[in-house]
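Reader: I would like to go through this model and ask what stands behind each label. Please set every value against its cut-off.

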Amino acid sequence: MDAERNIAEIEYLERIFAVPDTRPLSASDLAAANRRHDEQQASSPWFRLWQRYGVCCRAESPTLRLGEIE
């Protein structure tokens with residue numbers, strides 16, 4: 001029956017996509033993740049201090065300057 005085959009194919013795809021992606025991250029992947037993090041944390045006063053004084057564990061300094069402290 002087609003329904004059983006469809007269910008089997010869906011279950012197979014679920015197993016495939018449940019496996020974590022172990023490929024190494026590229027430089028653009030890391031930059032995009034850093035950018036998303038910066039945008040999410042932009043309203044945090046601690047994050048603004050971190051941006052202001054540049055205490056950073058990343059290879060590059062932060063590029064996003066949202067809500068700078070005057």
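Author: Let us start with a definition: a salt bridge is a side-chain nitrogen of Lys or Arg within 4 Å of a carboxyl oxygen of Asp or Glu. This is a predicted model, in which local features need pLDDT of at least 70 and side-chain atom pairs count only at pLDDT 80 or more, while totals for chains, interfaces and linings use all residues. Residues are numbered from 1 along each chain as its sequence is written, and side-chain values use heavy atoms, with hydrogens and water left out.

Reader: What makes the contact of Glu9 and Arg5 a salt bridge?

Author: The N to O distance between the side chains of Glu9 and Arg5 is 3.5 Å, and the limit is 4 Å, so the pair qualifies. Both residues lie in helix H1, 4 residues apart, about one turn of the helix. Salt bridges that share partners join Asp2, Arg5 and Glu9 into one network.

Reader: Which residue forms a salt bridge with Asp2, and how far apart are the closest N and O atoms?

Author: The partner of Asp2 is Arg5, with the closest N and O atoms 3.5 Å apart. Asp2 and Arg5 are 3 residues apart in helix H1, so about one helical turn separates them. By this rule the count comes to 2 salt bridges.

Reader: Why is Asp2 called exposed?

Author: Buried means under 20% relative accessible area, exposed over 50%, and partly exposed in between (1.4 Å probe, protein chains only). Asp2 has 51% relative accessibility, and therefore counts as exposed. Arg5, at 48%, counts as partly exposed, and Glu9 is also partly exposed, with a relative accessible area of 42%.

Reader: How do you know what counts as a helix here?

Author: Helices (H or I, at least four residues) and strands (E, at least two) are DSSP runs, numbered from the N terminus. The chain has 3 helices and 0 strands, and its pattern along the sequence is α-α-α.

Reader: What makes the nonpolar surface patch, and which residues are in it?

Author: Patches are made of residues with over 30% relative accessible area and no salt bridge; like charges are joined within 9 Å, and nonpolar side chains (Val, Leu, Ile, Met, Phe, Trp, Tyr) within 5 Å. Tyr12, Leu13, Ile16 and Phe17 make a nonpolar patch of about 450 Å². Accessible areas come from the Shrake-Rupley method with a 1.4 Å probe, and for residues only the protein chains shown count as cover. Take Leu13, in helix H1 (residues 2-18): its relative accessible area is 42%, so it is partly exposed.

Reader: Why is Ser44 said to cap the N-terminal end of H3?

Author: A side-chain oxygen of Ser44 lies 3.3 Å from the backbone nitrogen of Trp46. A polar contact is a pair of N or O atoms within 3.5 Å; within protein, one must be able to donate a hydrogen and the other to accept it, and residues adjacent in sequence count only if both atoms are side-chain atoms. Ser44 itself lies in the loop between helix H2 (27-41) and helix H3 (45-53). At 18% relative accessibility, Ser44 counts as buried.

Reader: How do you know on which side of H3 the buried residues lie?

Author: The buried residues in H3 are Phe47, Trp50 and Gln51. They cover an arc of only 95° around the axis, so they are on the same side of H3. The arc is that of the directions from the helix axis to the C-beta atoms. The face turned away from the buried side carries the exposed residues Trp46 and Tyr53. The buried residues of H3 pack against H2, where contact means heavy atoms within 4.5 Å.

Reader: Is Asp38 buried or exposed?

Author: Asp38, in helix H2, has 2% relative accessibility and therefore counts as buried. Of the 70 residues of the chain, 14% count as buried.
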